[in-house]
Amino acid sequence: MRRSDLGEFEEVVLLAVAVLSPKAYSVVIAEVLEQETGQLVSTGAVHAALQRLEQKGYLSSHLGEATPERGGRRKRLFTVTPLGGRILSEVQSVRSRLWERIVPQTILTWS
Amino acid sequence: MEPNPGKTPPRWPDKLLSWLVAPHLREEVLGDLHERYHRRLLRQGEARARQTYWREVLAYMRPSFIRRQTTGQQAGLFSSPHLLNPDMLRNYFKTAWRSLLNNKFYSLINITGLTVGLAVGILILLWVQDELSFDRFHRQATSIYRLENRVGTGTSQQIWTTTVAPIASFAKREVPDVKDAVRLVYNNSYTLFTYRNKSIQEQRSHFTDPAFFSVFDFPLIQGDPANPFPDDQSVVMTQTTAKRYFGAENPIGKVLRSTNKTYFTVTGVIRDIPKNSSITGDLFLPVSRLFNDMYTTRKDGKTKDNDFSQFMYDTYLLLQPGAAVAGLTDKLRTIHLRNKPDDTDLTYLLLPLPDMHLYRADGGSGSIETVRMFGIVALLILVIACINYVNLSTARSMLRSKEVSMRKIVGAARTQLFLQFLIETALLFVIAAGLAVGLVLALTPAYNQLSGKDLRLSLGNVSIWLVIGLTIAGTLALSSLYPAILLSSFEPLKALKGKVSSRLSEASFRKVLVVVQFAVSVMLIAGTFIIGHQLKYIRSKELGYDKSHVFGFFMRDMRTHYEAVKAELLGQPGVSGVTRASDNIVQINYQTGDNAWDGKQTGETMMMRPVAIDKDFIPFFNMKLQAGSNFTGAVADSLHFILNETAVKAARLQNPIGKRFRLWTHTGTIIGVVKDFHFASMKQKIEPAVFYYAPDQMGTIYVKTTGKNADQVIASAQRSWKQYNSGYPFEFSFLDDVFDNLYKSEQQTGLLFTLFSSIAILISCLGLFGLAAYTAQVRTREIGVRKVLGASISSVIQLLAKDFIKLVLIAIVIAIPVAWWTMNQWLQAFAYRIDLAWWMFGLAGLLALGVALLTVSFQSIKAALMDPVKSLRSE
């Protein structure tokens with residue numbers, strides 16, 4: 001389970017799936033990311049990332065219900081697999097370990 | 001769905017996407033896009049939503065959305081493993097092996113047919129490859145040509161493969177396109193060579209130019225390549241020959257003693273000349289030696305540079321790359337005419353070296369016909385073997401259609417089934433190919449003897465393994481694809497309902513294949529008949545002389561004591577006659593155009609075979625004089641000539657007796673005309689010949705035995721040989737053997753052809769046998785019902801055999817015209833040939849029909865005799 005398996009965008013998407021679970025699908029994920037980052041996020045990019053994550057085994061998916069605004073089409077709902085969860089927490093612990101090692105002065109100089 | 005058009009996203013990006021995006025993703029992708037649009041519309045208004053819609057659409061233009069799903073993935077969770085997954089491969093082999101074992105009868109038929117077909121195909125193709133490789137091993141093969149002459153006018157035109165000596169040096173000097181020239185002439189003068197106490201009579205030695213070793217790929221491996229013949233006493237020999245004389249000693253510098261106290265020093269050794277070379281030889285002497293012997297004592301002023309009348313040299317020209325052949329021959333003719341203006345009827349021809357073995361001297365097809373024929377026979381045999389396999393496996397496909405359907409229903413993809421059947425065929429083939437290679441190895445010695453070849457299956461010989469590999473691969477491809485495609489194509493529902501076998505097209509395809517098989521067999525049988533007949537014909541054709549029980553040998557020093565030897569031999573019991581001549585009557589090799597007769601026109605030439613004969617030669621051989629009289633042995637006979645009928649015709653002489661005739665320098669009269677007799681292979685027309693009387697030239701003695709006591713006669717001949725030729729080995733030959741040798745290659749061709757066609761029909765019948773067995777098996781129930789209802793055994797047999805017999809009859813109708821045409825072509829190679837008759841083809845067809853009937857009826861009778869109760873209960 002190499003860390004390099006997970007790109008930055010993929011990581012964010014994976015996190016968003018975890019956040020929105022169990023109702024995570026590309027449109028809502030894209031909107032959440034758009035809100036959080038303030039940048040335009042297309043469903044296509046999110047969808048591609050979801051596909052990759054599913055291929056890697058971090059996500060699983062099933063088809064959900066259809067809605068009128070979708071033109072009666074079903075949506076694909078994603079959930080984080082145990083493997084994906086483990087990867088997420090690994091990523092988080094690496095980050096927090098590093099954060100903890102930053103000397104407070106350094107943080108002060110940024111603000 | 002949505003009434004307000006502003007609420008729906010733009011139409012045609014949707015169209016683009018639904019065309020571009022893979023089908024299995026279309027739903028979610030379009031759904032996402034529409035939902036997003038809808039949300040934007042509510043939040044940001046129509047203009048903004050439409051604007052961003054484009055960006056959204058473009059974000060889907062990536063391979064992961066466009067790439068289509070493979071069939072394996074479609075099934076999602078239940079997808080089958082990959083086609084070449086090791087587990088699947090193991091499974092393919094396992095099922096293939098099981099199906100081979102479960103159907104032992106058909107597996108055996110298939111393996112036998114394929115093994116025999118492959119083995120025979122490989123053997124023939126090896127022969128073909130060997131024939132085609134003749135003379136191509138020379139690096140400059142494509143630039144080397146044999147120089148030939150076309151001489152004579154009108155109907156007496158002939159091609160001479162030997163030329164005069166000077167033309168080679170003239171060509172090299174005056175024609176820029178000619179890079180080098182080599183002359184080769186058989187060495188008759190020095191035949192016995194002695195080293196210490198070892199004497200060997202050399203049969204294959206030649207005089208040649210030093211360039212022989214550089215123009216051809218016969219380089220010196222010992223000695224000085226720049227100067228193979230330092231002087232006239234030099235000799236170059238092959239490795240094996242050197243070993244014969246000197247064993248392990250270094251041959252260079254060793255001295256061999258030859259006839260009349262002459263000596264030769266070994267100055268070079270070459271590798272043994274390969275078997276696939278038209279130019280052969282063991283010893284090579286400098287041609288300058290021959291010139292010395294021929295011209296130093298001549299008083300008529302002829303030298304090696306101006307003797308344009310002695311046509312006895314094989315001349316090979318090495319041309320510059322890209323030189324034009326057409327203009328060159330004209331230049332050579334000009335040179336010839338400049339030196340000998342009266343040879344106006346002479347033209348030069350060039351035959352490419354690689355064509356020498358397979359084509360006739362005039363470039364017409366010679367043994368290439370046989371090579372082509374055998375190549376075709378090999379392919380036909382392989383095709384027959386493939387057809388067997390294809391027929392049996394497609395016919396039995398109905399039985400397997402249920403298996404295929406079940407596999408499909410539990411999720412096998414078509415490619416997997418395809419691969420499974422491919423591997424089944426391949427497995428069968430591996431077994432058959434292994435057996436075939438073993439069979440080829442085992443049969444090679446016998447085959448070599450039959451074909452007169454020296455094929456060796458050494459691992460190092462790439463071309464041989466290439467032939468074997470290609471044959472096997474080609475056959476495999478031919479016979480595996482169709483059954484695999486057919487079997488994997490069954491639709492499960494229809495197949496399970498049992499609707500497969502009724503498909504008309506497959507059955508008729510199979511019928512076509514059976515027809516092809518039998519057509520080929522009939523052609524081969526007809527070919528065998530015709531070849532056999534032609535060979536019998538030429539061997540039994542009236543030769544015009546009686547050669548039975550006659551043996552002859554070259555007299556050497558016995559020649560001066562001929563009368564004494566003759567008297568002694570005639571006193572022996574078992575000897576009925578003795579005579580002598582200058583040449584062998586079965587095969588007269590010498591030829592000359594140096595002649596004249598009353599009424600000869602300027603520029604006209606008649607090439608003829610001159611033979612010096614004794615006065616009792618004509619009665620000895622039972623030849624018939626058509627007119628005039630025989631030699632009497634008087635001195636005046638040296639100016640008398642006896643012509644054969646062909647010579648009289650060619651010279652356009654009305655009343656030949658008493659007409660003046662000149663041969664070389666002797667001018668005399670024609671005293672007799674002898675009936676035509678065959679002094680060469682039947683492939684050639686009888687040529688003009690002349691008998692003359694010159695006792696000093698009659699070097700060959702002929703002894704006729706009564707057929708009994710032949711051994712005693714030979715023994716006494718050997719005694720007198722020892723008396724006069726002590727130290728020389730006694731070598732004699734019966735004319736019957738010499739004659740048989742003329743037709744050796746035809747005999748071999750005939751024998752091989754018989755063998756091959758029997759094998760072809762054997763394989764065909766094997767396939768038919770399998771098909772018949774299958775048909776009987778499938779119709780077991782039908783036959784049972786018929787029998788219960790009162791059908792007689794014979795009517796059941798008829799029912800089963802009828803279909804096959806119809807096919808064989810169609811095959812015969814197709815085969816006969818093709819065979820007729822092909823065999824007619826083959827016969828053209830013979831000057832004397834049989835006429836094709838209907839009965840040959842009829843018999844061939846009848847034979848094929850008979851064999852087919854026998855094969856089919858065996859199965860039919862078995863089926864017809866079955867107890868209906870049993871057969872009905874069985875299903």
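Axes here are lines fitted to C-alpha atoms, for helices over the stretch in contact, and angles run from 0 to 180 degrees between N-to-C directions. Helices (H or I, at least four residues) and strands (E, at least two) are DSSP runs, numbered from the N terminus.

## The model

This is a predicted model: local features need pLDDT of at least 70, side-chain atom pairs count only at pLDDT 80 or more, and totals for chains, interfaces and linings use all residues. Residues are numbered from 1 along each chain as its sequence is written, while chains are lettered from A and ligands numbered from 1 in the order in which they are written.

The score pLDDT is the predictor's confidence in each residue, from 0 to 100. Chain A has a mean pLDDT of 87, with 96% of its residues at 70 or more. Within chain A, helix H1(A) has the highest confidence, at 91, and helix H5 (residues 104–110) the lowest, at a mean of 82.

## Two helices in chain B

Helix H13 (residues 368–395) of chain B packs against helix H24 (residues 744–778) of chain B. The angle is about 10°, and the axes are 9 Å apart. H13(B) is therefore roughly parallel to H24(B) (angles under 35 degrees count as roughly parallel).

Contact means that the C-beta atoms of two residues, placed from the backbone, lie within 7 Å. H13(B) brings residues including Val377(B), Ile384(B) and Asn388(B). H24(B) brings, among others, Phe756(B), Ile763(B) and Gly767(B). By class, this contact has 15 nonpolar, 7 polar and no charged residues. Ala, Val, Leu, Ile, Met, Phe, Trp, Tyr, Cys and Pro count as nonpolar, Asp, Glu, Lys and Arg as charged, and the others, Gly among them, as polar.

## Annotated spans

An unreviewed UniProt entry places the feature "transmembrane region" at several spans of chain B, including residues 105–128 and 751–776. Residues 105–128 of chain B are 100% helix and 0% strand, with end C-alpha atoms 34 Å apart. Residues 751–776 of chain B are also 100% helix and 0% strand. Their end C-alpha atoms lie 37 Å apart.

## Where the chains meet

Chain B puts 18 residues in contact with 20 residues of chain A. On the chain B side, helix H2 (23–44) and helix H3 (46–58) each supply at least two residues. H2(B) gives the most, with 11. The chain B side divides into 6 nonpolar, 4 polar and 8 charged residues.

## A helix pair in chain A

Helix H1 (residues 8–20) and helix H4 (residues 82–100) of chain A pack at about 115°, with axes 11 Å apart. Their contact includes Leu14(A) of H1(A) and Leu88(A) of H4(A). It has 5 nonpolar, 1 polar and 1 charged residues.

Note on methods:
UniProt positions renumbered as here; feature names shortened; annotations may be inferred. Parallel < 35°, antiparallel > 145°, perpendicular 65-115°, else oblique.
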